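Subject: Structure handover

Hello,

Here is the structure for your files. My notes on it follow below the entry.

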Amino acid sequence: MQDVKLTDTPITDTYPGLNNLVVDFNQMKSFMDDPLVLVEGDGVRVRDHTGQWYIDGLAGVAAVQVGHRNQGIIDAMTAQLNRIALTLPLYAASEPAIALAERLAEITPEPLTHVKFTSGGSEANETAFKLARQFHAQTGNPGKYKIISRYKSYHGATMGALAASGGASRKLPYEPFPTGFVHVLPPDGYRSPFGLDEVESAIRCAELVDHVIVGEGPETVAALIADPVVMSAEGLIAPPIEYFKILREVCDRHNVLLLFDEIITGFGRLGEMFAADVYETCPDIMSVGKGISGGYAALAAVMMTERVASAFWGELGDGVHFNAGHTYSGNPVACAAGLEAVRQIVEGGALDNGRERGQQLRAGMDELMSRYEQIGRVAGIGMLQGVEFVSDRATRSPYPDHNLLCRAVGRTARSNGLIGRMGDHTYVLAPPLTSTAEEIDEMLDILDASIAETLETFEE
Ligand SMILES: Cc1ncc(COP(=O)(O)O)c(C=O)c1O
């Protein structure tokens, strides 16, 4: 076999194993040209193998809600490790899973009462789809199987979750997907396909869902899934409150379950515990992940209402139970991390702090927009905010693909000590909820300096 040498950079002297590793979503050839190996973290900061510290302006991926090297979570996990690390998932519940299920039922909107744990967000959404189909099959509507979702959304990397996702470039290599997934327009009012303002455009998108369900045949539609605030390579979409109120009505009209994918938006990210609170709309099923364990363990969950859960309650011989699971779902160590993360978010002040810091982050980005004409808009809610770069603010024209200012700013920011999310055109910051006011200012200052520095040499 030919020996393929991937790189000449000295980093492989330190880490020969980098030649064996595939990093998520990365072209490894370019990753090796500019590698990043993180070796420790502390609060909002992370350090690479050369000793350089960065601000983690992305909280892992919108997950490290209460900071790196959080002693409370480390202690909770250690205590559980000293008791038992893996119970018998086929036969037994664990104490941390029981306690976390009770806690989640308390902190999510009241109608959400039952919890199925999984090990990650993609798995949670797969579980949500299966629950929705089986629910209808067991409540007299076996023909309801289709899942409606929105273009540009992201629901995960597994086949079903990816089938529901939008974003052609992420999906094309893996086609064909399982059938039964129908896409509708996202409420992206910044470039409204209807020429309407953002609110009117979102309302139109929600109303059109009714036509899609009728067109598909309501007797075939099981559920609609939405990530309430979309953060993907294509940008940030934070629709107005009217959008979800209409979706709720449309779903109810056709006995279609409303699924919220709160993998990003949950656990205080938007300034409230869940997007369902922000949007005053309760879904029938809610997937949560990322921040549920504060980023300390592979943990996610699917919440459901009593109405949904009751369809799965019966005698053993009825065969109506949810006949699925995963080795690490509801893992006791992960749930111990989750209990402590939730405690710190709710009782420890992280939620309140994050709400205030989110306002500060937004104000700072608005101020940047007032000084840089290349910023077309600021979008987001709470501690999930992004600046979108445009080549012409008046026409809202994006930069051409070959000349992406956003990615150039992101690279400069990283060399200046700030890690954020570089989308195609939108640079997003979603830092830990525990960030201090000074740390948020520092992030904004680095972003400001990085935009200025990039523009000095950037050629359109
Ligand atoms: C909205 C949303 N849903 C689902 C997922 C998939 O979660 P995971 O990567 O834990 O499988 C993500 C991950 O980024 C996400 O942002």
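K152 is buried, as 21 other C-beta atoms lie within 10 Å. Here a residue is called buried if 20 or more other C-beta atoms lie within 10 Å of its own, exposed if 12 or fewer, and partly exposed in between, with C-beta atoms placed from the backbone. The model is a predicted one: local features need pLDDT of at least 70, side-chain atom pairs count only at pLDDT 80 or more, and totals for chains, interfaces and linings use all residues. Residues are numbered from 1 along each chain as its sequence is written.

K152 belongs to the loop between β5 (146–150) and α7 (159–164). Helices (H or I, at least four residues) and strands (E, at least two) are DSSP runs, numbered from the N terminus. The phi of K152 is near 75 degrees, a positive value in a residue other than glycine. K290 also has a positive phi, near 35 degrees, and is found in the loop between β11 (285–288) and β12 (300–305). K290 counts as buried, with 26 C-beta neighbours inside 10 Å.

The peptide bond from E175 to P176 is cis, with omega near 0 degrees. P176 sits in the loop between α8 (168–171) and β6 (181–184). For context, most residues other than glycine have a negative phi, and most peptide bonds are trans.

Q65, in the loop between α3 (59–62) and α4 (71–81), counts as buried with 31 C-beta neighbours inside 10 Å. Leaving out residues up to four places away in sequence, Q65 touches residues including F267, G268, A341 and P432; two residues are in contact if their C-beta atoms, placed from the backbone, lie within 7 Å. Q65 and R45 are 20 residues apart in sequence and 13 Å apart in space, C-alpha to C-alpha. P240, in the loop between β9 (235–237) and α10 (241–253), counts as partly exposed, with 18 C-beta neighbours inside 10 Å. P240 touches E198, V199 and A202, again not counting residues up to four places away in sequence. From P240 to N19 the separation is 221 residues in sequence and 46 Å in space, C-alpha to C-alpha.

**Sheets**

Two strands are said to pair if DSSP finds at least two bridges between them. β13 and β14 (residues 384–389) pair in the antiparallel sense over 6 bridges, and the bridge partner of G380 in β14 is Q385.

Another open sheet of 4 strands runs in the order β1-β2-β3-β15, and its pairing is mixed. β1 (38–42) and β15 stand at the edges, each with a single partner strand, so one side of each has no neighbour in the sheet. β1 and β2 (residues 45–48) run antiparallel and are joined by 4 bridges. L38 stands opposite D48 in β2.

**Helix α16**

Helix α16 (residues 437–457) has 21 residues and reaches 31 Å from its first C-alpha to its last, close to the 30 Å expected at 1.5 Å a residue. That expected span is 1.5 Å times one less than the number of residues. The buried residues of α16 are I440, M443, L444, I446, L447, S450, I451 and T454. They cover an arc of only 160 degrees around the axis, which puts them on the same side of α16; the arc is that of the directions from the helix axis to the C-beta atoms. These buried residues pack against β3 (53–56), α14 (350–371), α15, β15 (418–419) and β17. The face turned away from the buried side carries the exposed residues A437, E438 and E456.

**Overall**

The protein has 16 helices and 17 strands. Buried residues make up 48% of its 460 residues.

Regards
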